[in-house]
Amino acid sequence: MSSIVTITLNPALDKSIIVPELVPEKKLRALASKVEPGGGGINVSRALHKLGVASEAVFLSGGYTGKMLETLLHKEEVSFVALPVSADTRENFVVFDEQKKLQYRFGMPGEAVNEQELQGILDHISSKTDIAYLVVSGSLPPGMPVTILSRLAVIAHTIKAKLVVDTSGDALKAAVKEGVYLIKPNLGELCALVGKDWLEKSQVADAARTVIAAGSCEAMVVSMGAEGAMLVTATECYEACAPKVQVLSTVGAGDSMVAGMLAALHKRLGWEEVLQYGVSAGSAATLHPGTELCSLEDTERIFKELKHI
């Protein structure tokens with residue numbers, strides 16, 4: 001079994017099309033279309049596979065959309081465990097306007113999951129003894145209690161897995177109450193964690209260390225958009241600037257960044273290179289239209305460039 005396991009609580013089929021121009025009240029004919037597996041943890045596993053690192057994607061799957069999701073993952077040769085639920089897996093939709101070079105993203109909320117179905121994921125993870133990194137990424141379906149994150153944090157401690165969390169809002173707060181290994185908030189989410197309305201870039205490291213000192217996490221990567229990202233531990237702090245590339249799509253960039261960091265951790269690289277490889281993978285994902293993720297070739301090329309800045 002893989003030493004990296006990802007969890008997706010609200011998976012999706014990601015559908016994307018390209019139209020000549022997005023015009024209201026007009027029948028639009030797509031120039032191209034694509035259907036891909038989606039959802040935070042699933043995308044992390046897919047990106048890891050592209051980067052040559054094995055993982056197991058664990059997710060809830062229901063209805064014909066769930067079956068299609070499983071079929072697509074089989075085709076990509078991504079290892080997974082699909083736990084059945086009664087509700088259909090949700091669908092997301094992305095439209096790219098070819099003339100204006102603008103992207104429109106439509107995210108569906110998903111269907112509710114009952115406690116018995118939710119317990120299936122907890123039992124599956126609890127039964128494993130060989131997980132080095134447990135990754136929880138993405139949104140929660142409607143009505144799912146945020147305590148699922150704290151319950152997963154307790155399980156991670158029990159099975160001695162390092163828990164990596166990439167979510168937001170109350171779900172993120174629930175996770176850090178139990179203490180995790182690594183979180184990836186943006187500036188707004190970090191502000192919420194430390195009770196601030198705004199943080200200047202010069203204040204980010206101190207704010208992150210406030211969270212770390214409270215035992216909420218061991219390391220934090222703060223995504224700062226065009227400013228790049230900052231990785232902070234109790235004793236180290238590194239910055240990586242986002243390379244200037246032609247951005248075709250931002251879908252999956254955050255998931256690719258998480259995958260890049262996990263790939264670097266898997267290779268036992270130091271924290272600075274963990275950040276650089278994560279930023280490289282995230283940037284590599286933006287080079288592709290629609291819902292494509294990073295490629296190994298682009299990630300390695302950008303990584304070499306970042307190391308020489």
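The following questions and answers go through selected residues of a predicted model.

In this predicted model, local features need pLDDT of at least 70 and side-chain atom pairs count only at pLDDT 80 or more, whereas totals for chains, interfaces and linings use all residues. Residues are numbered from 1 along each chain as its sequence is written, and side-chain values use heavy atoms, with hydrogens and water left out.

Q: In which strand does Ser 61 lie, and is Ser 61 buried or exposed?
A: Helices (H or I, at least four residues) and strands (E, at least two) are DSSP runs numbered from the N terminus, and Ser 61 belongs to strand β4, which covers residues 56-61. Buried means under 20% relative accessible area, exposed means over 50%, and partly exposed lies in between, with a 1.4 Å probe and protein chains only. Because its relative accessible area is 6%, Ser 61 is buried.

Q: Which residue's side chain is joined to that of Ser 61 by a polar contact?
A: Contact means heavy atoms within 4.5 Å, and, not counting residues up to four places away in sequence, Ser 61 touches several residues, including Lys 67, Leu 83 and Thr 89. A polar contact is a pair of N or O atoms within 3.5 Å; within protein, one must be able to donate a hydrogen and the other to accept it, and residues adjacent in sequence count only if both atoms are side-chain atoms. At 2.6 Å, the side-chain partner of Ser 61 in such a contact is Glu 70.

Q: What separates the C-alpha atoms of Val 113 and Pro 142?
A: Val 113 is found in the loop between β7 (102-106) and α3 (115-126). Leaving aside residues up to four places away in sequence, Val 113 touches Leu 60, Val 85, Leu 118, Pro 141 and Met 144. Val 113 and Pro 142 are 29 residues apart along the chain, and their C-alpha atoms are separated by 7.9 Å.

Q: How many salt bridges does the structure hold?
A: Side chains of opposite charge can pair when their charged atoms come close. A salt bridge is a side-chain nitrogen of Lys or Arg within 4 Å of a carboxyl oxygen of Asp or Glu. Among such links is a network of salt bridges that joins Glu 21, Asp 97 and Lys 100. The number of salt bridges in the structure is 15.

Q: How many residues apart are Glu 292 and Lys 34?
A: Glu 292 forms a salt bridge with Lys 34, with the closest N and O atoms 3.1 Å apart. The pair links distant parts of the chain, since Glu 292 is in the loop between α9 (271-285) and α10 (296-307) while Lys 34 is in strand β3 (residues 32-38), and the separation is 258 residues.

Q: Is Arg 46 buried or exposed?
A: Arg 46 and Glu 76 meet through their side chains in a salt bridge of 2.9 Å, N to O. This pair links distant parts of the chain, with Glu 76 in helix α2 (residues 63-76) and Arg 46 in helix α1 (residues 40-50). Glu 76 is partly exposed because its relative accessible area is 24%, whereas Arg 46, at 2%, is buried.

Q: Which lysine forms a salt bridge with Glu 98?
A: At 31% relative accessibility, Glu 98 counts as partly exposed. The closest N and O atoms are 2.8 Å apart, and the partner of Glu 98 is Lys 101.

Q: How many disulfides does a search of the whole structure find, and how far from the sulfur of Cys 241 is the nearest cysteine sulfur?
A: A disulfide is a pair of cysteine sulfur atoms within 2.5 Å, and the search of the whole structure finds zero. Cys 241 is in no disulfide, and the nearest cysteine sulfur, which belongs to Cys 237, is away by 12 Å.

Q: What is the phi of Glu 77?
A: Most residues other than glycine have a negative phi. Glu 77 lies in the loop between α2 and β5 (80-84), and counts as exposed because its relative accessibility is 63%. Its phi is positive although Glu 77 is a residue other than glycine, with a value near 60 degrees.
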